[in-house]
Amino acid sequence: MTSSRHLHQLTCLEAIEYIVSKTDFDYPETPFRRRDPYTVTASEISQMTDDELRDYTKALQIVNTFEATVPREHRADEQD
């Protein structure tokens, strides 16, 4: 039996927001936790604190997993 339930299509940023909201962090949030990691520059990365780097790499991991597991046609930010 197939489900007729329609799933909400997420953008990469919505995926980050959702995962971050469900994750316990043991340090204060930095500006990089919910930011699109593809917009972060090399200069910013070179100047990051340890916690900023942790938030950046977590966001990048979320986006990479999202892109690897959610087909393009099911991503809201891939729609016309």
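**How the helices pack**

In this predicted model, helices α1 and α3 pack at an angle of about 120 degrees, and their axes are 9 Å apart. The two helices α1 and α3 are therefore oblique to each other. The crossing in which α1 passes α3 is right-handed. On the α1 side, the contact is made by Cys-12, Ala-15, Ile-16, Ile-19 and Val-20. On the α3 side, Ala-59, Ile-62, Val-63, Phe-66 and Glu-67 make it.

Along the sequence the pattern reads α-α-α. Of the 80 residues in the protein, 24% are buried. Among the contacts with a separation of 6 or more, 52% are between residues 24 or more positions apart.

Helix α3 covers residues 50-69, which is 20 residues. From its first C-alpha to its last, α3 reaches 28 Å, close to the 28 Å expected at 1.5 Å a residue. The buried residues of α3 are Glu-52, Asp-55, Tyr-56, Ala-59, Ile-62, Val-63 and Phe-66. Because they cover an arc of only 125 degrees around the axis, they are on the same side of α3. What do these buried residues pack against? Their partners are α1 (12-21) and α2 (42-46). The face of α3 turned away from the buried side carries the exposed residues Asp-50, Ala-68 and Thr-69.

Ile-16 lies in helix α1 and is one of the residues that make the contact with α3. Is Ile-16 buried or exposed? With a relative accessible area of 0%, Ile-16 is buried, because the cut-off for buried is under 20%. Ile-16 and Ile-62 are 46 residues apart in sequence, but their C-alpha atoms are 6.1 Å apart in space. Leaving aside neighbours within four places in sequence, Ile-16 is in contact with Ala-59, Ile-62 and Val-63, among others. The contacts of Ile-16 also include Arg-33, Arg-34, Arg-35 and Pro-37.

Thr-30 counts as buried, at 11% relative accessibility. Which residues does Thr-30 contact, leaving aside its neighbours within four places in sequence? They are Asp-51, Glu-52 and Asp-55. Of these, Glu-52 and Asp-55 are among the buried residues of α3.

Asp-51 also has its place in helix α3. With a relative accessible area of 26%, Asp-51 is partly exposed, because partly exposed covers the range between the 20% cut-off for buried and the 50% cut-off for exposed. Beyond its neighbours within four places in sequence, Asp-51 is in contact with Tyr-27, Pro-28 and Thr-30. Asp-51 and Glu-29 are 22 residues apart in sequence and 8.1 Å apart in space, C-alpha to C-alpha.

Definitions and conventions
Residues numbered from 1 in each chain as written. Predicted model: local features only at pLDDT ≥ 70, side-chain atom pairs only at ≥ 80, totals over all residues. Heavy atoms only, no water. Helix = DSSP H or I, 4+ residues; strand = E, 2+ residues; numbered from the N terminus. Expected span 1.5 Å × (residues − 1). Buried < 20%, exposed > 50% of the residue type's maximum accessible area, 1.4 Å probe, protein only. Arc of directions from axis to C-beta. Contact = heavy atoms within 4.5 Å. Axes fitted to C-alpha atoms, helices over the stretch in contact; angles between N-to-C directions. Parallel < 35°, antiparallel > 145°, perpendicular 65-115°, else oblique. Left-handed = near helix turned anticlockwise from the far one by under 90°.
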